[in-house]
Amino acid sequence: MFDPDIAPSGTLLGLLQRGRGDGTLHALAAPRAEALAALNDSVLRDPRRDWQVENRSLYYARLYMQLDGGLEEIERHLFHPDDLVDTGEERTGLALAVLGHLAAYGRDAARLLLRSYAAAGSNWRWALDELALRDDDAGLMSLAPAVLARFPGTEQGEAELAAAVRDAFEPRPWRLWAEDPRYGARLAAAGEQGSFDRWQRQLRPRGPRPGWSVAEVLEWAQQGLDLEPAEHRHLAAARCLAAVVGPEDRPELLRAARSGPDAARAAVLHHLAERGDPDVLDLIESAAVDPFSSEQLASAALASFERMRSVAAVERARVWARRTDRLGMSAAAMLARRGGRRDAELVLAALRRTVREDGPDAHALWELVDGVGRLGVACAAPVLRHVYRETSSSQLRGRAAGALAATDPGFAAGFAVECLWDCEETTRELAARHAATGDDRVVEQLRRLAADPAEEDEVQTAVRSRFGPDASAV
């Protein structure tokens, strides 16, 4: 189900929160005050299910430009007293990214607001990265005193400065400041310390050593669960097994896979699945469906199965896909990725069941949506349209759009049109290749995308492909 902060999909706020193209179109047709209120709500209370991978900033920045929206609400949000206690990037990251795009579009107020926040805000690193891409040298130099003052001249302060220089996403400001005689010596020392820290970490490996036996690797994997916080080492242990296992070790591996501790079983299952061992599918099934298996073990067993590429794995997936438990869902995902036309009904049944039972935001939908598109399951179009409209994940919506392009004859004149305004560049690229140009809005938007310097190259290439060699005239 949707998060409680996500408005219904039929409302202006719900459309904007999802980053749908119809959100922009409805906002431009709505009273300006109402549209700006919904836009500010979306920017200041980040609606993304996964803020690290879903795009919204360019989408919202473009709408600010089209509505000629002010930045007062963003300023109040950035400098609210909460900024002193809630220092997580997710509170302010979206607003700062929107300001970055607005600065790139020439909004001087956005650039000045970023400078102010970089000097005084808790998420100053993000603001500095935005400015590193958009500000001039003079603007960046003006921030040096405030940023460097965050690091007192103590041993701890110098260590924190070295970490900041080492981990900077955009190094331009630090390099610029290092050229100034006032800061050069200190920043040079910080850079050297960061390089020394990396070298020290490389000299202190904590993993298995050459010469370890199978038993020692498995014991090391299990020891990770006893740490605080626990370390899940089964994948690293599986890689180590690849280097130490010989033919004579298979009986020991099979014993560990059947009755060993959880981390050891997970590591062995992964190792055996990578090599297509003839017994591994039975061992995976045992670990995945045993009611006494831990969550870690069951998840690791399913993940090992999902990585398999053998014919035997696909054949077993056809048997398991009729199950309604996690193993059945994993099998349906396998068929969605690697099955043939004969598997279309099983994949479609799993898609319908997942939407019905877990809603349009279920993570399992990603593979299934791709699968019905890959297999060309035309009768999947109604459920794909439902996922497209209702999901709060812009990336899942893009996958649904891709599947509709392969299964729904009405896509080009329907959803493809609104996808030209979508928040995800991959969805806009898809729309640029499919949207029917009989609608005047389509041609106008294609021209805008082709001329917008902030648009991704892939989108602009797709746009130009619609107009042939005279793309420059679009």
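Helix α3 passes helix α4 in a left-handed crossing. Left-handed here means that the near helix is turned anticlockwise from the far one by less than a right angle. The contact draws on R32, A35, L36, L39, N40, S42 and V43 of α3 and on Y60, L63, Y64 and L67 of α4, contact being heavy atoms within 4.5 Å. Of these residues, eight are nonpolar, two polar and one charged. Ala, Val, Leu, Ile, Met, Phe, Trp, Tyr, Cys and Pro count as nonpolar, Asp, Glu, Lys and Arg as charged, and the others, Gly among them, as polar.

The model is predicted; local features need pLDDT of at least 70, side-chain atom pairs count only at pLDDT 80 or more, and totals for chains, interfaces and linings use all residues. Residues are numbered from 1 along each chain as its sequence is written, and side-chain values use heavy atoms, with hydrogens and water left out.

Helix α3 spans residues 32-44 and α4 spans residues 57-67. They pack at an angle of about 155 degrees, with their axes 11 Å apart. Axes are lines fitted to C-alpha atoms, for helices over the stretch in contact, and angles run from 0 to 180 degrees between N-to-C directions. The two helices are therefore roughly antiparallel to each other, a term for angles over 145 degrees.

The chain holds 29 helices and zero strands. Both are DSSP runs numbered from the N terminus: helices are H or I of at least four residues, strands E of at least two. The C-alpha atoms fill a box of roughly 70 × 65 × 45 Å along the principal axes. Of the 474 residues, 49% count as buried, that is, under 20% relative accessible area with a 1.4 Å probe, protein chains only. Among contacts between residues at least 6 apart in sequence, 65% join residues at least 24 apart.

The chain divides into domain 1 (12-203) and domain 2 (215-465). These bounds come from an automatic or database domain assignment. The domain centres, taken over C-alpha atoms, are separated by 33 Å. Domain 1 gives 16 residues to the contact and domain 2 gives 23 residues.

H271 sits in helix α17 (residues 262-274). H271 is buried, at 4% relative accessible area. Beyond its neighbours within four places in sequence, H271 contacts A238, L241, A242, V245 and L253.

S330 belongs to helix α21 (residues 326-338). Its relative accessibility is 3%, so S330 counts as buried. Not counting residues up to four places away in sequence, S330 touches L302, F305 and E306.

Note on methods: Parallel < 35°, antiparallel > 145°, perpendicular 65-115°, else oblique. Buried < 20%, exposed > 50% of the residue type's maximum accessible area, 1.4 Å probe, protein only.
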